[in-house]
Amino acid sequence: MLLPPQIPYPDKYDECRRRGSEEKQANARPEIKDKISNLDQYNNIIVGYPIWHGDLPMIMYTFFESNNFDGKNIYPFVTHEGSGIAHTDEKIQNTVPNAKVADGLEVRGIKAQALEKTTKAKISTWLDLNKLIK
Ligand SMILES: Cc1cc2nc3c(=O)[nH]c(=O)nc-3n(C[C@H](O)[C@H](O)[C@H](O)COP(=O)(O)O)c2cc1C
């Protein structure tokens, strides 16, 4: 499920970086357009996001704070350009203390876009380790 932001992020990288930076400095909670109605049906939730300014994009805090993840397993995966997962799995755990957050998967954005063989293998290993569907 793809949850779009209420105000779309700019396609241009520099403009997007600027907005991301402003949101982080303001500790903002940008609005998400749609609500998830059927979270109750799921126990295992795979959540993907890019690393922005060494953190989750602030809109991801909106997502975690506005849904009930009590008792659920969360599997984070991130794309980044050098920061790795940047402790964002721990930040999610702090945000939803009654969920169980697994060790996340990190992939460089450029490798994710190319979906190289090694990247595919890394994703498969992570899915296998966590006993998630391929
Ligand atoms: C607002 C913004 C901030 C970013 N900050 C970081 C960062 O701190 N560390 C990093 O490794 N990459 C950073 N990046 C690069 C993104 O993680 C990278 O573009 C993304 O993972 C690739 O996925 P995409 O194709 O969806 O953009 C940043 C990108 C944007 C737009």
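His 53 is partly exposed at 30% relative accessibility, where partly exposed is the range between buried (under 20% relative accessible area) and exposed (over 50%), with a 1.4 Å probe and protein chains only. His 53 is placed in the loop between strand 1 and helix 2; helices (H or I, at least four residues) and strands (E, at least two) are DSSP runs, numbered from the N terminus. The model is predicted: local features need pLDDT of at least 70, side-chain atom pairs count only at pLDDT 80 or more, and totals for chains, interfaces and linings use all residues. Residues are numbered from 1 along each chain as its sequence is written, and side-chain values use heavy atoms, with hydrogens and water left out.

**Ligand site**

- The ligand sits in the largest pocket. A pocket is an open set of points on a 1 Å grid over the protein atoms alone, where a 1.4 Å probe fits and protein lies on both sides within 12 Å along at least five of seven lines; a molecule sits in a pocket if more than half of its atoms lie within 2 Å of its grid points.
- Helix 1 (13-25), strand 2 (73-80) and helix 4 (109-114) are the elements that give two or more residues to the shell around the ligand.
- Helix 1 supplies the largest share of this shell, with 3 residues.
- There are 15 residues around the ligand, and His 53, Thr 79, Glu 81, Ser 83 and Gln 113 come nearest; a residue is near a molecule if one of its heavy atoms lies within 4 Å of it.
- By class, the shell holds 8 polar, 5 nonpolar and 2 charged residues. Ala, Val, Leu, Ile, Met, Phe, Trp, Tyr, Cys and Pro count as nonpolar, Asp, Glu, Lys and Arg as charged, and the others, Gly among them, as polar.

- A polar side-chain atom of Ser 83 is 2.6 Å from a nitrogen atom of the ligand. A polar contact is a pair of N or O atoms within 3.5 Å; within protein, one must be able to donate a hydrogen and the other to accept it, and residues adjacent in sequence count only if both atoms are side-chain atoms.
- For His 53, a polar backbone atom lies 2.8 Å from a nitrogen atom of the ligand.
- An oxygen atom of the ligand lies 3.1 Å from a backbone N or O atom of Gly 82.
- The protein buries 78% of the 620 Å² that the ligand exposes when taken alone; accessible areas come from the Shrake-Rupley method with a 1.4 Å probe, and for residues only the protein chains shown count as cover.

**Loop residues**

- His 87 is in the loop between strand 2 and helix 3 (88-95).
- Asp 55 lies in the loop between strand 1 (44-50) and helix 2 (58-65) and counts as buried because its relative accessibility is 6%.
- The side chains of Asp 55 and Tyr 61 are joined by a polar contact of 2.7 Å.
- Tyr 42 is in the loop between helix 1 and strand 1, and its relative accessible area of 40% makes Tyr 42 partly exposed.
- Ile 36 is found in the loop between helix 1 and strand 1, and at 18% relative accessibility Ile 36 counts as buried.

**Separations in sequence and space**

- Tyr 42 and Asn 73 are 31 residues apart in sequence, with 9.1 Å from C-alpha to C-alpha.
- Ile 36 and Gln 6 are 30 residues apart in sequence and 14 Å apart in space, C-alpha to C-alpha.
- Ala 112, in helix 4, is partly exposed at 29%; its C-alpha atom is separated by 9.8 Å from that of Ile 123, 11 residues apart along the chain.

Note on methods: 1 Å grid on protein atoms, 1.4 Å probe; cavity = no way out; pocket = protein on both sides within 12 Å on 5 of 7 lines; lining within 4 Å.
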